[in-house]
Amino acid sequence: MRGGTVAVVGGSIAGCALASAAARAGADEVVVLERTHGRLADRGLGLCIHDGRAAELAATGALPAGIAAHRLTRRRWVVRDDTAAGPAGRVFWEQPFPFHSYHWGLLWRGLRGATPAPVVYRQGAAVTGVAGDGERAEVRLARGTAEAFDLVVGADGYRSVVREAVCPESRPAYAGYVCWRGNFDARRLEALGDGGWPAESVTTVCFSGGSCVIYRIPGPDGPRVNWVLYAMPPQTGRLPFDDPTSFPPGRVTEELTTHLGALLDREFPPYWAQVIGLTEPADTFVQPIYDLETARTTAGRLLLAGDAATVVRPHNTSGAAKALQDATAFEDAWRRADTWDELLRAYQAARGAAGREMVALARRLGRGQVEQTPAWAAMNHREAESWWQGQLGGAADIGGQAMTP
Ligand SMILES: Cc1cc2nc3c(=O)[nH]c(=O)nc-3n(C[C@H](O)[C@H](O)[C@H](O)COP(=O)(O)OP(=O)(O)OC[C@H]3O[C@@H](n4cnc5c(N)ncnc54)[C@H](O)[C@@H]3O)c2cc1C
């Protein structure tokens, strides 16, 4: 099937990838509607993609060549040990970690730069709702206008308005804990001396009731350090986490900042507490963790991709890879289809179950690494390995599932 008009709501990782896929597959017109006005490339978060998934996605064209990535090979699990170990704590387990890390803004820039010519990217275009029947789909914009397309893709993240039309019964469910996230220029580490931290190694600091993942990422001005700390928030009942929300950089409450400081003092090996302490408040933010499964990813002429379709807790390190896989499956379904209906059915068949299985795996990882943490300090290598296999529950690894040819 060739031709047709497509609107993609949301211009982040999933949005850019799906827009490219539609253009490559032969759409006449592809419009990306992104509500933000600012420079998306400035979003400085880190994320990782499994090497196996990255190779598959590079082969399909969904992950363009030339995007800066930092190679990671090992993951060290560390506990505070005030008796025997030094300031960097005690490594109680080490495992392979075949991933590359990315800077969100540089990844986005690479995906955006690779969108073929028919793609029109409109910023400041907030979509307030979508509607459609089996023949057309309509997008309503905040400024009061409506536009009709042959297909509307919801790539508008975990608070998707397109999902409200596809699957109104599905809403993100708060997992009961949050993450503090931050990143800073890696040159700041020089102030701390050598903490015994090889550049290719990820450190997971483990404590009762949470864990923190720390790794290097590339950055526009040189390498950066990125960290994500998962734990319960202060139990004051004043934080509105049941509704999807977040505390962006510079707007983290004093209560959340104080809570983080107390956690670092009490639970972290001193070196790693100092590492986290190198982060500017302006580069620190707090995000509640959510799960979201959808019973379907398509309805009428509407289709969901990326976090709009499924939100997997970040412990699985799979969200970006999954969004790019959605784009690959979409392009593949389009190329094989003779009608819109065939395209939508093939996409649902390819992507429906994959998301739900990853949500379940990430829930087990969240339970093991935050909600019901084991006595990590007492574990030997064999016990740690068996604890990890229990979380995987038969899955081959974290980082997402291999794409079936
Ligand atoms: C703490 C944390 C760590 C993570 N770490 C990793 C990792 O290591 N590896 C990994 O693969 N993934 C990771 N992820 C997940 C990953 O970031 C996402 O799964 C991935 O970026 C896909 O996002 P998306 O494009 O679907 O949605 P989003 O990035 O949320 O983008 C949605 C876009 O839609 C726009 N939008 C929303 N509503 C509207 C509207 N109404 N109208 C117009 N535009 C709209 C938004 O402005 C935004 O640009 C992590 C997530 C978290 C929270």
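The legends below describe close-up views of a predicted model. Local features need pLDDT of at least 70, side-chain atom pairs count only at pLDDT 80 or more, and totals for chains, interfaces and linings use all residues. Residues are numbered from 1 along each chain as its sequence is written, and side-chain values use heavy atoms, with hydrogens and water left out.

View 1. Helices (H or I, at least four residues) and strands (E, at least two) are DSSP runs numbered from the N terminus; two strands pair if DSSP finds at least two bridges between them. Strand β17 (residues 302–304) is joined to β16 by 2 bridges and the two run antiparallel; T298 stands opposite L303 in β17. Contact means heavy atoms within 4.5 Å.

**View 2. The three-stranded open sheet.** The 3 strands have the order β7-β8-β9 and pair antiparallel. The edges are β7 (127–132) and β9 (146–149), each with a single partner strand, so one side of each is left without a neighbour in the sheet. From one strand to the next the twist averages 20 degrees. Strand β8 (residues 137–141) is joined to β9 by 4 bridges, and A137 stands opposite F149 in β9.

View 3. In strand β15 (residues 284–291), 7 of the 8 residues are buried, that is, under 20% relative accessible area with a 1.4 Å probe and protein chains only (exposed is over 50%, partly exposed in between). Strand β11 (residues 173–185) runs antiparallel to β15, with 7 bridges between them; V178 has P288 of β15 as its bridge partner. Helix α6 (residues 270–277) has Y271, W272, A273, V275 and I276 buried. Their cover includes β4 (70–79), β11, β12 (201–207), β13 (210–217), β14 (224–231) and α5 (254–267).

**View 4. The contact of α8 with α9.** The axes of α8 and helix α9 (residues 381–392) come within 8 Å and cross at roughly 145 degrees. L361, R364, L365, G368 and Q369 of α8 meet W387, W388, G390, Q391 and L392 of α9. These residues divide into 5 nonpolar, 4 polar and 1 charged. Ala, Val, Leu, Ile, Met, Phe, Trp, Tyr, Cys and Pro count as nonpolar, Asp, Glu, Lys and Arg as charged, and the others, Gly among them, as polar.

**View 5. The second largest pocket.** About 430 Å³ of space lies in this pocket. Of its 19 lining residues, A329, A350, R351, M403 and T404 are the closest to its centre. At least two lining residues come from each of α2 (51–60), α7 (319–336) and α8 (340–371). On a 1 Å grid over the protein atoms alone, a pocket is an open set of points with protein on both sides within 12 Å along at least five of seven lines, and a cavity is a set where a 1.4 Å probe fits but cannot get out; lining residues have an atom within 4 Å of a point. Grid points are joined across faces, edges and corners, and a volume is the space filled by probe spheres set on the points.

Key:
Axes are lines fitted to C-alpha atoms, for helices over the stretch in contact, and angles run from 0 to 180 degrees between N-to-C directions.
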